[in-house]
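Student: I would like to learn how to read the features of a protein model. Can we go through one together?

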Amino acid sequence: MDTVFCLRTTSYGGRGLFSTARILKDTLLISCDAPYATVIYRKFRKEVCAHCFAYAFDVRKNTWNVKLDGQAGNGVWFCKEECRDAWVIEQNVGGLQGLMNAAVDKAAKCMKKPKGAPTPAFIDHLRPEDITHEVHDLAWKHAEKVYARSGTPIPCLDEMELDSVRFVVSAIVRRYFEDTTPLAHNTLSWSELLQLQDNEIMHIRSRPYMLDSHMRIYGFLCKVMLPILQPYVQSSEMVRAILGRDQGNVFGLWDMSTEGDSEMLGWSMYVSGSYFNHDCAPNVRKVRNNRALCFFTTRDVEAGEELCINYIDIKDKVLERRAELASNWYFDCACRRCEGELAHMNGANCEPVLTHG
Ligand SMILES: C[S@@+](CC[C@H](N)C(=O)[O-])C[C@H]1O[C@@H](n2cnc3c(N)ncnc32)[C@H](O)[C@@H]1O
C-alpha cells in the first residue's frame, strides 16, 4: 500500500483506510489490476467480455462473437481476440476455468428436484440469535458428510446460486494457480483475501435460509469439481471462507453506459479495494477501467481523515439510505452525514435536510 494512507481501526468498529498526509483531489489511491474472483451473470455472458468486462450494448452490439476454440471453455465470450488470448494465459490456467465452466453448465442440467439434499432438521427451527459459530460449524459438518457420499444427487440451485457457484469456482481456480505457480504470488494472494472481514455469521443471522443455500452451493461444487481441484472442497472451509467474504466485500460490475439506468452485469472481489468503509458523503470514488478498479479522491483530504467510498446511492434520503445499508450490508451507518441528518430530523421532527452535496 502507498504511504499516503494506512489501515487502522476505526472508532465505530472494524478497520478503515486513513490518510497519513494531505492528499490532493483526484489522486489515485489504489489501482486493483484484476479481481481475485469474479462472475458475469449467466444471462449476460454473451454480452460481457470475460476478460475486460466490456459490455456489447455500450457499443450498440447485441453480443460479442469471439469464442474459445473447441468445446472446453463454453460459456465465455470476448470482445476481441486479444482479450481471449489474455484470458487463456491469465485465467484459464491449465484449461481449468474453461473445463470448470463446462462442468457447471453440464451439472446444471442434471440437478435433482425437490430442491436440495438434506440439511440438518434442527436448522429449520433456529432463531437468528441461536445461530452461533458452534451451531453453524455443526450444520456444516453435517453437510460435509452428506455431500461426501457418492449417492447424494447434485442439489438443485436457482440461477443466482449457480452464479455464486461460478464465483466460487473462479476463486478456487485462482487459488490453485497461486498454489502451483510461484510467480502468481506477486499479484494474487489467498492469504490477503482471508484478511477481509468475514460476514458469514452476520449474514446467516439476518437471512437464516441462506445457510441451506450455501450448503447446496457447497454440495453442487463437491459434485462438479474436477479431480485436480477436489482437495479444495474436501472440507467446506474454503467455500465458507469465500461465501463469508462475498457478502459485504464485493463490487458490482456495472455497465459504463451514460444513458438511462446502469445495469449490474455480475460481481467481483477486488481485495485491496475492500478496506474502504462507506460514507454517505464520500471523499473517494471508484472507476472501473477494463479489469482494473481504481480509487481516486474526490476532494482534497487532510492528514488523519478517513478515506471512504459510497456503497449505495447517496441521493436517497437518510432513512432510505440507512434501511438499505442495514438490510443489504448489515450495518448501521456511522457516518457524519447520517448523524447530522438524524439529529436534524429528531430536533425539527420534519423531513431531514441534506447537509452535504
Ligand atoms: C467492505 S468492508 C470495509 C472494511 C471493514 N471495516 C473491515 O474492517 O474489513 C464493509 C464493512 O465495514 C463496516 N462499515 C463500512 N462502512 C461503515 C459505516 N459507514 N458505518 C458502520 N460500519 C461500516 C461494516 O461492518 C461493513 O460490513
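Student: How do the residues of the shell around the ligand divide by class?

Tutor: They divide into nine nonpolar, eight polar and two charged. Ala, Val, Leu, Ile, Met, Phe, Trp, Tyr, Cys and Pro count as nonpolar, Asp, Glu, Lys and Arg as charged, and the others, Gly among them, as polar. This is a predicted model, where local features need pLDDT of at least 70 and side-chain atom pairs count only at pLDDT 80 or more, while totals for chains, interfaces and linings use all residues. Residues are numbered from 1 along each chain as its sequence is written.

Student: Which residues come nearest to the ligand?

Tutor: A residue is near a molecule or strand if its C-beta atom, placed from the backbone, lies within 6 Å of it. There are 19 residues around the ligand, and Gly14, Arg15, Gln197, Asn277 and His278 come nearest.

Student: Which strands each supply at least two residues of that shell?

Tutor: Strands (E, at least two residues) and helices (H or I, at least four) are DSSP runs, numbered from the N terminus. Strand S2 (15-19) and strand S7 (277-278) each supply at least two residues of the shell.

Student: How is the protein chain assigned to domains?

Tutor: Domain bounds come from an automatic or database domain assignment. Here the assignment gives domain 1 (5-32 + 270-348) and domain 2 (43-246). Their centres, taken over C-alpha atoms, are separated by 29 Å.

Student: How many residues of each domain are in contact?

Tutor: Two residues are in contact if their C-beta atoms, placed from the backbone, lie within 7 Å. Six residues of domain 1 are in contact with eleven residues of domain 2. The side of domain 1 that touches domain 2 has two nonpolar, three polar and one charged residues.

Student: What describes two packed helices?

Tutor: The angle between their axes and the distance between the axes. Axes are lines fitted to C-alpha atoms, for helices over the stretch in contact, and angles run from 0 to 180 degrees between N-to-C directions. Angles under 35 degrees count as roughly parallel, over 145 as roughly antiparallel, 65 to 115 as roughly perpendicular and the rest as oblique.

Student: At what angle do helix H2 and helix H4 cross?

Tutor: The axes of H2 (residues 96-108) and H4 (residues 159-180) cross at roughly 155 degrees and come within 10 Å. H2 and H4 are therefore roughly antiparallel to each other. On the H2 side, Leu96, Gln97, Met100, Val104 and Ala108 meet residues of H4 that include Leu162, Val165 and Tyr176. This contact divides into nine nonpolar, two polar and one charged residues.

Student: How do H2 and helix H7 pack?

Tutor: H2 and H7 (residues 209-224) pack at an angle of about 115 degrees, with their axes 10 Å apart. They are therefore roughly perpendicular to each other. Ala103, Val104 and Ala107 in H2 meet Phe220, Lys223 and Val224 in H7.

Student: At what angle do helix H3 and H7 cross?

Tutor: The axes of H3 (residues 133-148) and H7 come within 10 Å and cross at roughly 30 degrees. H3 and H7 are therefore roughly parallel to each other. Ala139, Ala143 and Tyr147 in H3 meet Leu211, Met215, Tyr218, Gly219 and Cys222 in H7.
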